[in-house]
Amino acid sequence: QVQLVESGGGLVQAGGSLRLSCAASGRTFSSYDMGWFRQAPGKEREFVAAIRWSDGITSYLYSVKGRFTISRDNAGNTVYLQMNSLKPEDTAVYFCAARLTPTYLSTSLSRRETYEYWGQGTQVTVSS
């Protein structure tokens with residue numbers, strides 16, 4: 001059974017940085033796409049970033065490009081989201097998600113409905 005556990009959230013001032021971690025277990029994740037999504041109060045859950053574990057292909061939400069970086073640690077089965085130059089509008093619960101690469105090879109990494117496995121989320125709050 002796939003388990004995803006996020007950590008690293010917290011309270012930070014605008015302009016600061018946080019690094020989120022997603023510890024994945026229960027599978028060999030070399031055949032998975034891993035994504036980060038976020039949900040602010042009263043809003044829909046939105047795509048933030050994703051990485052294809054096998055070849056490292058990445059995709060980002062336009063508004064976080066150049067500020068956020070997604071990466072993976074193959075040995076540790078962990079996916080990271082380095083968030084720099086944080087803004088108050090980045091405040092949300094951040095979720096890690098996974099989907100099988102072969103099933104969705106021709107589907108955009110940003111499609112929320114294609115992700116089968118989800119973590120419980122970690123809160124990120126950016127104060128102005």
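Where does Ser-85 lie? Select Ser-85: this residue sits in the loop between E8 and E9. Strands, labelled E, are DSSP runs of at least two residues, and helices (H or I) are runs of at least four; both are numbered from the N terminus.

Before going on, note the ground rules. This is a predicted model, in which local features need pLDDT of at least 70, side-chain atom pairs count only at pLDDT 80 or more, and totals for chains, interfaces and linings use all residues. Residues are numbered from 1 along each chain as its sequence is written, and side-chain values use heavy atoms, with hydrogens and water left out.

**Stop 1: Ser-85**

Check the backbone of Ser-85. Its phi is positive, about 50°, although Ser-85 is not a glycine. Most residues other than glycine have a negative phi. Ser-85 has a relative accessible area of 40%, so it counts as partly exposed. The scale runs as follows: buried is under 20% relative accessible area, exposed is over 50%, and partly exposed is in between (1.4 Å probe, protein chains only).

**Stop 2: the four-stranded sheet**

Now select E1, E3, E8 and E7. They form an open sheet of four strands in that order, E1-E3-E8-E7, with antiparallel pairing. Strand E1 (3-7) and strand E7 (68-73) are the edges: each has a single partner strand, so one side of each lacks a neighbour in the sheet. From one strand to the next, the twist averages 15°. The axes behind that angle are lines fitted to C-alpha atoms (for helices, over the stretch in contact), and angles run from 0 to 180 degrees between N-to-C directions.

Zoom in on E1 and strand E3 (residues 18-25). They run antiparallel and are joined by five bridges. Pairing requires that DSSP finds at least two bridges between two strands. Pick Gln-3, and then its bridge partner in E3, Ser-25.

**Stop 3: Tyr-80**

Move to strand E8 (residues 78-83), where Tyr-80 is placed. Is Tyr-80 buried or exposed? With a relative accessible area of 16%, Tyr-80 is buried. Show its contacts (heavy atoms within 4.5 Å). Beyond its neighbours within four places in sequence, they include Arg-19, Leu-20, Trp-36 and Ile-70. Then draw a distance to Glu-6: the residues are 74 apart along the chain, and their C-alpha atoms are separated by 9.3 Å.

**Stop 4: the disulfide**

How many disulfides does the structure hold? There is one. A disulfide here is a pair of cysteine sulfur atoms within 2.5 Å. Select Cys-22 and Cys-96, which are joined with an S to S distance of 2.1 Å. The torsion about their S-S bond is about -75°, so the disulfide is left-handed. Cys-22 belongs to strand E3 and Cys-96 to strand E9, so trace the link between distant parts of the chain, 74 residues apart. Both cysteines, Cys-22 and Cys-96, are buried.

**Stop 5: strand E11**

Select strand E11 (residues 122-127) with side chains on. Thr-122, Val-124 and Val-126 point to one face and are buried.

Strand E2 (residues 10-13) pairs with E11 in the parallel sense over four bridges. Gln-13 has Ser-127 of E11 as bridge partner. Strand E9 (residues 92-100) runs antiparallel to E11, joined by three bridges. Look there for Val-93 and its bridge partner in E11, Gln-123.

**Stop 6: the cores**

A nonpolar core is a set of buried Ala, Val, Leu, Ile, Met, Phe, Trp, Tyr and Cys residues joined through side-chain atoms within 4.5 Å. The largest has 30 residues, and Met-34, Trp-36, Leu-81, Met-83 and Tyr-94 have the most contacts inside it. At least two residues of this core come from each of E3, strand E4 (32-39), E5, E7, E8, E9 and E11. Another core, of six residues, lies apart from it; Phe-37, Ala-50, Leu-109 and Tyr-115 are among them.

Centre on Trp-36 in strand E4. Its relative accessibility is 0%, so Trp-36 counts as buried.

**Stop 7: Arg-52**

Finish in strand E5 (residues 46-52), at Arg-52. Arg-52 is buried, with a relative accessible area of 8%. Which side chain makes a polar contact with the side chain of Arg-52? Asp-33 does, at 2.7 Å. A polar contact is a pair of N or O atoms within 3.5 Å; within protein, one must be able to donate a hydrogen and the other to accept it, and residues adjacent in sequence count only if both atoms are side-chain atoms. Leaving out residues up to four places away in sequence, Arg-52 also touches others, including Tyr-32, Arg-72, Arg-99 and Tyr-104.
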